[in-house]
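Subject: Structure handover

Hi,

Here is the structure I promised you. Please open it first, then read my notes below.

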Amino acid sequence: MLVRDVMHQPVITIGPEASLKDADLLMWEQGVRHLPVVEDGRLLGILTDRDLRTATSELSPLPLSPQATVREVMTAPVLTADPQDPVEDAARLMRERKIGSLPVVEGKELKGIITGIDLLDALVALTGANLPSGRIEVRLANKPGELARLAQFFAAHGVNIHSVLTYPETTGVVRNVLRVDSLETRPLAEELRKKGFEVLWPPEKPWSR
Amino acid sequence: MVPVIFSEEYLRYDLGESHPFSPVRLEMLVDLLREWDSSFAPLRPRLASRQEVLSVHAERYVRRVEAASRGEEVADLADYGLSTGDTPVFAGMDEAARWLVGGALTAAEVVARGQSKVVLQLGGGLHHAQFDRASGFCVYNDLAVAIRYLLQQGVRVLYLDIDVHHGDGVQWLFYDEPRVLTLSLHESGRYLFPGSGGVTEIGQGQGVGYSWNWPLEPFTAGESYFAGLRLLYRKALEWFSPEVVLVQAGADAHYLDPLADLMLTSKTYRRVFAEILTGASRAGAAAIFTLGGGYSLDAAVRVWALLYHSLSGVEPPRQLPAAWLSRWRERSGKQLGPLLCDPDEAPPRVERKAVIERLNQANAERLLATVGKYLKP
């Protein structure tokens, strides 16, 4: 999953000489919290709703008036992402620098913007059920060929895998959460157990008949 | 006597030898009802037309079901959820599925004409079928076609789905329709097929507030289930005042079911059926019951036999008939207990009971708080 797959476009932008009042109005109208600041098609900086509120707050030691310009308040230079970056790189940067968005820039051209909400959407898409499916969790040894063996099992049963989420648990084992195109996850789990897989979900239910 | 709708044609909806959605369940059930009462004479349904199926399904989808039904090669069946492990194609599937739709329509007609306040369609309940996609054993959505018909008669419908799987097909088909309230109780989609049915799925557009979902923790037992059902069902009746309650009475929330993880017993089911009936009657609404999922031959047949007795208002016998038992033990090769109800010691105890109950209750409250904003008078 790349940044270009989850970014938003077109981007709502503002010029550096606009007033803070205009910036505030634009944020409310468009329902956004981040405004890339653009001059002659070039990305100068970024203004967030928090920058705006902090700058104009009475709690600030030197509050600015609503007529002050965006240039006085914006953050520059600004951290950006490339459309071809993997989403996880963008996520790591945002986490490390504790920021809420990254303008997406290709060369000098502003292509889009990616925010925390877009990353949550990506998480929901990766872990959720966008298509009717059942959940199977299998613990595998952390070595080559194990996931392939699991995938082959589903292929042999004519069952489609909608999504796979794998994450390391302790050393040597990996937990795999699959969403598969089947209502019959229990019979599939029984088959997997017979083949020697460690199935964590669905659990055994010896009393069913 | 409550009208019961059934035809031998229903048995043609057969997805294959070892498929869990087996017509044998129906055969066993009808044979049991006949064994008890030799004069058992169900009402014959009519066959639904192509046009009626098109009231909820895309033509391009129906065309593919028809072609597959004739045994023609179609390249893109899988894009329509057909010819998959869950929903394989078989000769005559279009007509077989239309018989089930016809049964649901016949039931709806009986109620719409005022011939009876309660009716039992002994089959169908294919709640996963979607606008242009077969899913989870379901080809045509008989329930949705019946709802569409009732809407055309100017009737408001409360759709109550007690199958252990989320009633996604019906929900999505009426997601923006404020004249249909869908209430589905199911094992949480976090664990079980089809994955949808969270409390936050509440409808869209004009229909916001009219989709209710109560996802249940795996291994939820009868008391927690019944308490929530009563709470939500009564609120739905009070806030929505439906004229018809359409119940998809799947039996797969039973603890013996091989495909899911809830822990209901025959005792819970009897309370559930009684609650649904008295609630509808108090609200002046008619009630239509269909069958649905239920993959333990033993449990599903007994649950539906209890449903039949609840609707008829007749105290069910304690014992299953000996002749029937020996016949079906031999034919199915399954263990079948001698009693209609589950033994008192069933089901096995669950360790996380308190946590399960707390989570379920919290979800029921979240649901009411969310939809209440839109519906509360």
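Predicted model: local features only at pLDDT ≥ 70, side-chain atom pairs only at ≥ 80, totals over all residues.

Start in chain B, where B:Gln248 stands opposite B:Thr290 of strand β7(B).

**The β7 strand of chain B**

Strand β6 (residues 244-248) of chain B pairs with β7(B) over five bridges, in the parallel sense. Strand β2 (residues 118-121) of chain B also runs parallel to β7(B), joined by four bridges. In that pairing, B:Leu120 has B:Phe289 as its bridge partner.

How many residues of strand β7 (residues 286-290) of chain B are buried? Five of its five. The cover is on both faces of β7(B). B:Ala286, B:Ile288 and B:Thr290 are buried on one side. B:Ala287 and B:Phe289 are buried on the other.

- B:Ser83 is not a glycine, yet its phi is positive, about 60°. B:Ser83 sits in the loop between α3 (59-69) and α4 (93-112) of chain B. B:Ser83 counts as partly exposed because it has 16 C-beta neighbours inside 10 Å.
- B:Phe219 also has a positive phi, near 70°, and is a residue other than glycine. Its place is the loop between β5 (211-216) and α7 (222-240) of chain B. B:Phe219 has 20 other C-beta atoms within 10 Å, so it is buried.
- The peptide bond from B:Ala346 to B:Pro347 is cis, with omega near -10°. B:Pro347 is in the loop between α10 (322-332) and α11 (353-375) of chain B.
- The peptide bond from A:Trp201 to A:Pro202 is cis, with omega near -5°. A:Pro202 lies in the segment after β8 (198-201) of chain A.

**Chain A overall**

Chain A has eight helices and eight strands. Its C-alpha trace spans about 75 × 35 × 35 Å along the principal axes. The radius of gyration of chain A is 24 Å, whereas a compact globule of 209 residues would have one near 17 Å. The domain assignment gives domain 1 (3-123) and domain 2 (128-201). The C-alpha centres of these two domains of chain A lie 40 Å apart.

Of the 209 residues in chain A, 24% count as buried. Among contacts in chain A with a separation of 6 or more, 60% come from residues 24 or more positions apart.

**One residue to look at in chain A**

A:Val105 is in strand β3 (residues 101-106) of chain A. A:Leu43 is 62 residues from A:Val105 along the chain, and their C-alpha atoms are separated by 8.5 Å.

**Where the chains meet**

The contact between the chains takes 30 residues from chain B and 21 residues from chain A. On the chain B side, 12 of the residues are nonpolar, 11 are polar and seven are charged.

Best wishes

Terms used
Residues numbered from 1 in each chain as written. Chains lettered and ligands numbered in written order. Contact = placed C-beta atoms within 7 Å. Nonpolar A, V, L, I, M, F, W, Y, C, P; charged D, E, K, R; others polar. Helix = DSSP H or I, 4+ residues; strand = E, 2+ residues; numbered from the N terminus. Rg over C-alpha atoms; globule rule 2.2 N^0.38 Å. Buried ≥ 20, exposed ≤ 12 C-beta atoms within 10 Å, placed from the backbone. Domains from an automatic or database assignment. Pairing = 2+ DSSP bridges.
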